[in-house]
Amino acid sequence: MQASQYFSLIVPVCGVLLGLALVVCWTVLRQHRYLLWLAAAYILPAVPLAAQTLMSNEQLARTAVLLGAFYLSGLWAMAQGMALKYGGVAHPRLAAVVGVLALGLLYYFSQVTDQLRIRILVLNLAMVLLLLLGVMAVYRQRRPVHGLERLLRASYLVFVAYSVLRPAIVALFLWEGTLPELSSSPLWLLMLAVNLLLSLWFIAVLLAVSVREMFVILKHERDRDSLTQLLNRRAFFEQAPARMRQPGVQWALVVCDVDHFKHINDSLGHGMGDEVLKLVAQVLVQHVRQDDLVVRFGGEEFVLMLRCTDLEGAVAVVQRMREQLALESLRLLPQPLTASFGVVMCDAMASLQTLLRHADTLLYEAKRAGRNRVVSSLVALSPATVAPAVVQG
Ligand SMILES: Nc1nc2c(ncn2[C@@H]2O[C@H](COP(=O)(O)OP(=O)(O)OP(=O)(O)O)[C@@H](O)[C@H]2O)c(=O)[nH]1
């Protein structure tokens, strides 16, 4: 084996290692199946790449179809991985047609008439077509993409552009004169080097995207209640103060507690209790604006921060929630579900704890007054100065 062939083997070995790195990423980010496809895109072409390095042109002719199949499936895995990442699929039927046609031509130009140049061109053109299927799927998606995702998409485009250039380079440099042993020709080595560089760049961006996604998932799990997917108490104390500091914006703080929830658990089972909590969450979310906060504070208690102009407006929204809850609950329960609410306007001078305590006092009043009602009051800075409460059933 020549020294240049040892060098050539570095590229497929790197391909396999990078593919395995993606498999490891996938074990952490299980729901991101696109990582497995991209791992396949690194590992599958590494097989023919390594084999080619060790083969003469004559051996290449004998194995052309098999090696071609590895290349084509690897390239389609890349297109499919990218398509999945952006929420699409890379047209599997079209890909199958391209694959079968290309393999048929490879068979003809290796077994019937041995034409290495045409085989290289056919293979490269088929690979470009497969990659373009991925481009179509990636750009059809309209969902917003963040900076790193845009960079990943652009890197994929660069890879596709290089794949388009490759057949042109082959045609230019390999068309004239006697054909050298492909695996030791300078052109082959140059292509391998460019491949390696692009692969390393692509994987660096991909790993950055994966790490970012991992942080997003971790933050989501840290901030959300796993049953209702609402924000949790921790996230509330992190996000509420910033809202209260917004100049010229008024907020109402609402504490909501489901009535006789223990009875639902005891009579219909804990599973039904959970379903009811999910329904409450849904109804609350349906009535709020995008920057309002809806929080599961614990058990069957919820806290909301609603942007509003005055207390009456906030109470009107909460009343609608209460009525909707009773209606919607009949899908699950024999009797309408009721809840009690305490509503208070936020005062920038008052601490969050004081406001919560005040809203809790109002909620307690609602419970004492017979439940299934909204009790509201303008802000009071301490329980001693609580303004008169308004009770509305
Ligand atoms: N199914 C289910 N039950 C929960 C969950 N968290 C808390 N609970 C139950 O919620 C019930 C709350 O009961 P209580 O605090 O007595 O309140 P209540 O029965 O609604 O009575 P009032 O609030 O006075 O109307 C308890 O039985 C808890 O076990 C949960 O995540 N799922």
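Me: Is V122 buried or exposed, and why?

Reply: A residue is buried if 20 or more other C-beta atoms, placed from the backbone, lie within 10 Å of its own, exposed if 12 or fewer, and partly exposed in between. V122 has 22 C-beta neighbours inside 10 Å and therefore counts as buried. This is a predicted model: local features need pLDDT of at least 70, side-chain atom pairs count only at pLDDT 80 or more, and totals for chains, interfaces and linings use all residues. Residues are numbered from 1 along each chain as its sequence is written.

Me: Where does V122 sit, and which residues does V122 touch?

Reply: Helices (H or I, at least four residues) and strands (E, at least two) are DSSP runs, numbered from the N terminus. V122 belongs to helix 6, residues 116–140. Contact requires C-beta atoms, placed from the backbone, within 7 Å. Leaving out residues up to four places away in sequence, V122 touches A102, L105, L106 and F109. L105 is 17 residues from V122 in sequence, with a C-alpha to C-alpha separation of 7.3 Å.

Me: Where does helix 9 bend?

Reply: A bend is the angle between axes fitted to the seven residues ending at a residue and the seven starting there. Helix 9 bends by about 30° at Q239, and the proline P241 follows within four residues.

Me: Which residues come nearest to the ligand?

Reply: A residue is near a molecule if its C-beta atom, placed from the backbone, lies within 6 Å of it. Of the 17 residues around the ligand, D259, F261, K262, G273 and G299 come nearest. Strand 2 (251–258), helix 10 (261–268) and helix 11 (270–286) each give two or more residues to this shell.

Methods. Two residues are in contact if their C-beta atoms, placed from the backbone, lie within 7 Å.
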